[in-house]
Amino acid sequence: MEIGERPLNGYSDKISVRPGETIRFHVSCDGPQAYDAQVVRLICADDNPAGAPFEAEPVDAAINGTFAGKPQMIHAGSHVMVPSSDLFDAAGGFTLQALVMPTTPSKGRQGLLGTWSETEHCGASLIVADDGSAGLIVGDGKASTLVSTGASMVPRAWYSLAVSYDPAGNTVTIRQTPLDGGRSVEITKTLLLDPAGRTGPLIMAAWHRAHPDGRGVHAGCFNGRLEAPRIVTRCLDAADVSRVQSDPLAGSVRDDVAAAWDFSRGIDGEQVIDITGNGHHGETLHLPQRGVRGHAWSGREMCWRHAPHEYGAVHFHDDDVYDAAWPECHAWTVPDDTPSALYALQVSAGEAEDIIPFAVVPPRGTRQSDLCFLLPTATYMAYANSGRHFRNDAVEMKQFRATTMTRSDCFLQAHSEYGLSTYDTHSDGSGVSISSRLRPALNMRPKVRVWGLAADTHITSWLEKTGFGFDVITDEELHNEGLRVLEGYRTIITGTHPEYHTVEMLDALEGWIDRGGRLIYTGANGFYWRIAYHPELPGVIECRKTEGGTRSWVSEVGESFMSFTGEYGGLWRRSGRTPQELTGIGFTAQGFDRSSYYRRLSDSHDPRAAFIFEGIDDEIIGDQGLVGGGAAGLELDRADFALGTPLHTLILARSENHSDGMLVVLEELTSNQPVMNDQHPKVHADITFFECDGGGAVFSTGSIAFAGALPVNGYDNPVARMMHNVVTRFLDPADFEGFDALRPASKPVA
Ligand SMILES: [Fe+2]
């Protein structure tokens with residue numbers, strides 16, 4: 001197999017499933033005639049031969065077997081579909097008009113509004129022409145022709161665009177008027193063919209193309225913003241074009257306006273509303289970005305809920321993907337006696353393989369253990385198909401080392417239609433704020449770069465080896481069911497990097513800790529971004545990367561409020577809920593070249609911490625590990641009493657001896673500083689412990705690399721010993737008591 005070939009790719013309709021429920025799998029097999037499918041229980045997803053070899057146990061399942069393979073495509077690109085297209089025909093003339101902010105006018109033809117079909121050569125659409133100017137494309141059923149103004153539009157500038165067809169002279173007038181200043185262009189040309197109407201859907205931000213697989217009927221996707229599109233059933237002059245644009249319901253034009261859409265209505269949904277009363281409502285597909293500034297945004301309001309009319313634009317991207325919509329290949333109804341754990345559907349054909357992970361969670365209202373592993377699936381989604389290793393020019397500077405490309409990286413480099421992560425920018429340079437799991441997520445897999453799922457199984461494989469039974473629940477149960485799904489668990493262990501949370505998720509965790517829950521936060525840069533799940537569509541999150549924080553792009557001015565819920569996005573720290581309040585620690589530094597170790601502090605000898613260090617004489621903790629060679633690396637969290645670390649928190653150990661590539665995070669800086677590296681006082685990870693009023697407690701480890709130290713020496717080392725001590729005590733029902741929540745345990749640290 002060539003590097004970059006991935007003949008097998010798949011996804012499931014759910015990320016978690018309960019016994020008795022059915023999970024469905026969608027598989028593309030591009031090349032091999034047939035493939036084998038096998039359900040496995042996933043023990044270890046890392047395939048590092050040095051300490052955590054890949055391990056999966058076959059599960060007897062009705063869907064195991066050999067199946068004929070078929071390749072599947074993803075037809076990416078957000079657009080709008082309006083089902084009826086008898087809105088206009090050529091015979092009486094027509095005008096198609098909209099306000100448009102193209103972001104890539106020079107990329108080639110892009111559909112804006114109309115019925116033109118590339119396949120059938122009929123219909124008519126307002127488009128961005130090859131030269132970046134406004135144009136009309138029409139067909140007569142045999143051939144198509146394009147006329148355009150010839151004046152290229154400027155990227156990210158707003159225009160009023162209108163194409164008017166006059167059947168009397170078979171002429172087209174195109175008006176391209178810059179709204180931010182500049183020269184208007186108006187041209188009139190005679191068409192070389194007689195336009196033929198088309199009875200199919202009307203499409204915005206794309207045009208019609210029939211795909212052989214019968215899924216998706218769009219092509220020619222537009223990059224940029226579209227606002228206030230209108231369809232008029234006659235040829236308009238300039239004055240009427242501007243009248244229709246500003247008030248399509250005005251008496252003089254009202255009868256001729258077939259449809260006028262107001263995108264400022266229903267910003268939190270998929271419908272686009274026709275305000276004429278003619279009922280030509282449409283639907284967005286592949287989730288373009290809504291709640292974005294329109295052409296007349298004044299800056300008086302920063303939230304779309306307060307001035308929706310200033311947020312009447314929709315931003316379309318040619319690489320937006322919500323649902324790949326591949327045919328269902330396998331449906332597994334999970335038997336009632338299936339234990340809660342991590343599972344996967346392993347599909348393989350010779351060298352080709354894909355391993356599609358999912359969790360079986362306990363039946364509703366029950367649990368199979370006192371211990372629960374909280375699978376950070378929202379974070380997996382945020383990272384889905386992240387291109388940070390190949391879409392980022394500065395990756396080697398940021399990583400402080402040469403980067404490596406995986407097979408998945410090479411595949412994704414050639415397949416942007418598989419969609420992007422919230423770490424990427426769209427092809428037009430705008431940030432990716434929406435990420436779905438209804439598509440193959442090639443990095444949320446075993447045997448890939450150790451991050452996310454593969455890293456998290458260092459924890460679950462250690463739990464399996466040590467014999468601690470545990471249930472698995474995911475962020476989706478936490479979000480949807482809240483405190484109810486946590487009730488009864490004595491201890492919850494997080495993954496290595498639980499970064500993305502909704503308000504519902506944080507409320508549930510806090511409520512559970514208040515009632516005596518014991519949380520083990522085995523990672524770093526957790527509880528960082530505030531996100532929203534879509535209230536209705538399954539499997540999709542939104543994250544606006546707003547004013548502060550360490551981030552790969554920044555939300556545009558006035559666009560910090562999420563479209564799904566209207567909530568203010570960004571760092572939880574900027575919403576007044578710091579990770580330090582919940583866990584004792586919060587994000588402080590990142591560096592990706594090597595990992596280091598922790599040194600015990602005096603608090604580790606406090607009697608309250610005696611159980612944690614039982615059998616551990618070492619002063620140095622975690623000087624070996626599978627992730628960068630030590631337990632403290634990648635991203636680090638530190639205690640900070642000023643940011644909400646409870647005053648009685650014991651700071652047990654602190655990392656040291658990081659490389660010059662370990663840098664303090666941006667949200668800690670108010671100005672540049674001469675010392676940014678390891679010598680910076682905030683560049684270290686802390687291991688902390690504190691008890692809670694309800695009898696519970698929180699233990700936090702402060703590093704994404706921490707769990708990579710668990711498998712060292714056959715899971716027998718001080719890090720594993722410490723975790724064993726903590727889990728054992730945290731599962732003991734005896735309340736934590738004898739602490740004074742108002743008394744500082746240590747001197748406050750910087
Ligand atoms: Fe992250």
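Tutor: Asn525 has a relative accessible area of 2% and is therefore buried, the limit for that class being under 20%. The model is a predicted one. Asn525 sits in a loop, with strand E33 (518-521) on one side and strand E34 (529-530) on the other. The backbone deserves attention here: phi of Asn525 is positive, near 50°, and the residue is not a glycine. Most residues other than glycine have a negative phi.

Lys447 also has a positive phi, of about 60°, although it is not a glycine. Lys447 belongs to the loop between strand E29 (434-436) and helix H6 (453-466). With 33% relative accessibility, Lys447 is partly exposed, because that class lies between 20% and 50%.

The metal site comes next. Three residues coordinate the iron ion: Tyr383 through OH, His497 through NE2 and Glu499 through OE, at 1.9 to 2.1 Å. Along the sequence, these donor residues follow the spacing Y-x113-H-x1-E. Tyr383 and Glu499 are 116 residues apart, and the pair links distant parts of the chain. Tyr383 lies in the loop between helix H3 (377-382) and helix H4 (395-399), while Glu499 lies in the loop between strand E31 (491-494) and strand E32 (500-501). Tyr383 has 6% relative accessibility and so counts as buried. Glu499 is likewise buried, because its relative accessible area is 2%.

Another buried position is found in a strand. Leu650 is part of strand E41, which covers residues 650-656. The relative accessible area of Leu650 is 0%, so this residue is buried. Between the C-alpha atoms of Leu650 and Asp336 there is a separation of 43 Å, and the two residues are 314 positions apart along the chain.

Asp623 counts as partly exposed because its relative accessibility is 47%.

Lys447, by contrast, is partly exposed at 33%, with a positive phi of about 60°.

Notes. Residues are numbered from 1 along each chain as its sequence is written. This is a predicted model: local features need pLDDT of at least 70, side-chain atom pairs count only at pLDDT 80 or more; totals for chains, interfaces and linings use all residues. Side-chain values use heavy atoms; hydrogens and water are left out. Buried means under 20% relative accessible area, exposed over 50%, partly exposed in between (1.4 Å probe, protein chains only). Donors are N, O and S atoms within 2.8 Å of the metal (3.2 Å for Na, K and Ca); water is not among the atoms, so sites may look incomplete. Helices (H or I, at least four residues) and strands (E, at least two) are DSSP runs, numbered from the N terminus.
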